[in-house]
Amino acid sequence: MTDRKQSSFDPNFRAFFSILTPVYNPSITDFIDCVRSVRNQSYPLWEWCLVDDCSTDRRIWPLLKLIALRDKRIKIQRRSENGGISAASNDALAMASGTFVALLDNDDELAPNALASVNHQLALQPDIGYLYSDEDKIDDEGRHFGRFNKPDWSPERLLCQNYCNHFSVIDIDLVREVGGYRADFDGAQDHDLLLRIAELDPKVVHIPEVLYHWRATAGSTALDVSEKPAAVDAGRRAIASAVKRREINGTVVRAGEIYHRVHRHPTSYPKVSIIVPTRGTEGSVWGMRRPFSLNLLESLQDRNTYPNLEVIIVADTGTPESAILLEHSDFEINTIWFDEPFNFARKCNLGAIRATGDVLIFLNDDIEPRSVDWIEVLTAHLEQDDVGAVGPMLLFDNHLVQSAGHINPGPGHFARGISPTAPAAGGWPLLLNREVSGLTGACLAMKRDVFFEVGGFCDELPLNYNDVDLGFKLQQEGYRLIWTPDASLYHFESKSRETDLSEVELDFLERHWGHLIAAGKVDRYVR
Amino acid sequence: MEIEFEIGSQDGRRHVAKQLKSMSREQLELTVLRAIDHAAHNDAQLLEFSSRLEGAFGAVEKFRSAVKRLDPEAPELDDD
């Protein structure tokens, strides 16, 4: 788990890096640029372990010998036969004598300060096991494009996508402990390696600087990985292998053209309490005016397969009984009458206290399930001990995104108003399970124990931002918040409604979480 | 029903204890939630509650624990 606390800086700390590069028929000019980028490092303590994987281009090996002659820090080796990228990388690993390995492909470039920046982080926190940086792409003309501003450490997202990729620097002991690269996963060998490294639970640091330039030429993976279907399939197999190792009850499903995600299934069916605060409001549901709460309860019958369920309605006094189902053939319904001034947070807390389930799902009344196994998906993610809350994809009735997790600062809804299959934030996070910095209280699943552990919703925030506050409290306690598109629901919230925020609410957030949402700060997971 | 969470004088703590005794189970548990929420906003280190709240008696005990965590110097709450 990422530890954002920084210990004292040791100005004398100097790591020794082993750069690992398997070499196979690179473009000579690209390779020379690669060499130049390594030799131009501002940080001096490195060795470069290059293994020629029996290149058929007869110029490569003499070129390697030439550059090794020019710089004693460059170590070269040639395989007697072509073994593939993992075999060559493992040979490079065997040559390494550094304490950290830095992964570099034979046609890419490092930023001049790449190793210096990594060393700086290690000087701050010498117990780091793995570091990764932002990256961009570089074309044949040397032009930079496609900067990828990566999220902070997101193990759930890594299980879907090798978002860490370049530049990766890993404690060499960790790489050796997992047995290095596995040739069965050539094409996604780095993803497979990082998934196994992640299972050792090292301290991970994300450096939000572009330290790596990924060569993007016609036919290259950097430009379009879909041109390499074998690599896409290797990625799927790497994820499936991780799912098996971790004993996750899940299915690896395709997510768009090139990604996959793990559709999780519960291993048990704890009782779930769905808590629905309502005032019996009526509104437009698929063109018909009717009480939202009634529509929700009826739709739960059609779009729900979870077998162990209760529903707790927390209704303001005066809510017409016609807006509430008092009985249901599939699950128990309990109604609590709330006779205090309107306070969404307090109504939710009251529902939680009355709930008898081990899992709580807070659900606005103007919601309708879309996927039938949405409760199974949410509860399955909660089976991870360090997951504090899970939220689904919420769509407007025009099928565009209402909320795909929060972004802070905003606070606001990520991807609001765009297609759920569209690219966002320079990538495809809407297709992937991933960590988020907040989840909307409109549909939020939590373990009951965790809800009480952090004090539930803060009732000093009666209307807005109580969910934002809850998310911060959870993260403060070290919990991850997970958003997943495998559970999806419609939210009939008005697309044009302006949120009515009070100064008091804004002041509360600023007072307690201002250090996280101040101007100039960026969201931890969507940058 | 609201109660004051500022931990002040001995009289103040007795007042809190009396209010707690007059509360229903739900009011007690809401009160405990508020206490934990206050602790979360004041100092994350105060939060070490690991078990779920079960019943009013447990809630009172947890509230007492919360009070102690908010003010480690405070004496135990009296039963009277």
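Contact here means heavy atoms within 4.5 Å. With that in hand, welcome to a predicted model, in which local features need pLDDT of at least 70, side-chain atom pairs count only at pLDDT 80 or more, and totals for chains, interfaces and linings use all residues. Residues are numbered from 1 along each chain as its sequence is written, and side-chain values use heavy atoms, with hydrogens and water left out.

**Inside chain A**

- Leaving aside neighbours within four places in sequence, A:Phe362 is in contact with A:Ile275, A:Cys348, A:Ala352, A:Gly441, A:Ala442, A:Cys443, A:Leu444, A:Phe451 and A:Phe457.
- A:Phe362 is also among the residues that touch the most other members of the largest nonpolar core, which has 44 residues; such a core is a set of buried Ala, Val, Leu, Ile, Met, Phe, Trp, Tyr and Cys residues joined through side-chain atoms within 4.5 Å, where buried means under 20% relative accessible area (1.4 Å probe, protein chains only).
- Helix 10 (residues 344–354) of chain A gives this core its largest share, 6 residues; helices are DSSP runs (H or I, at least four residues), numbered from the N terminus.

**Where chain A meets chain B**

- On the chain A side 24 residues are in contact with 17 residues of chain B.
- The two chains bury about 2000 Å² between them, 52% of it on carbon and sulfur atoms; this is the accessible area (1.4 Å probe) lost on being put together, summed over both.
- A:Arg346, A:Ile353 and A:Phe452 lose the most area in chain A to chain B, together 27% of what that side buries.

**Charged pairs**

- Between chain A and chain B there are 3 salt bridges, each a side-chain nitrogen of Lys or Arg within 4 Å of a carboxyl oxygen of Asp or Glu.
- B:Asp37 and A:Lys473 form a salt bridge through their side chains (2.4 Å, N to O).

Terms used: Chains lettered and ligands numbered in written order. Buried < 20%, exposed > 50% of the residue type's maximum accessible area, 1.4 Å probe, protein only. Helix = DSSP H or I, 4+ residues; strand = E, 2+ residues; numbered from the N terminus.
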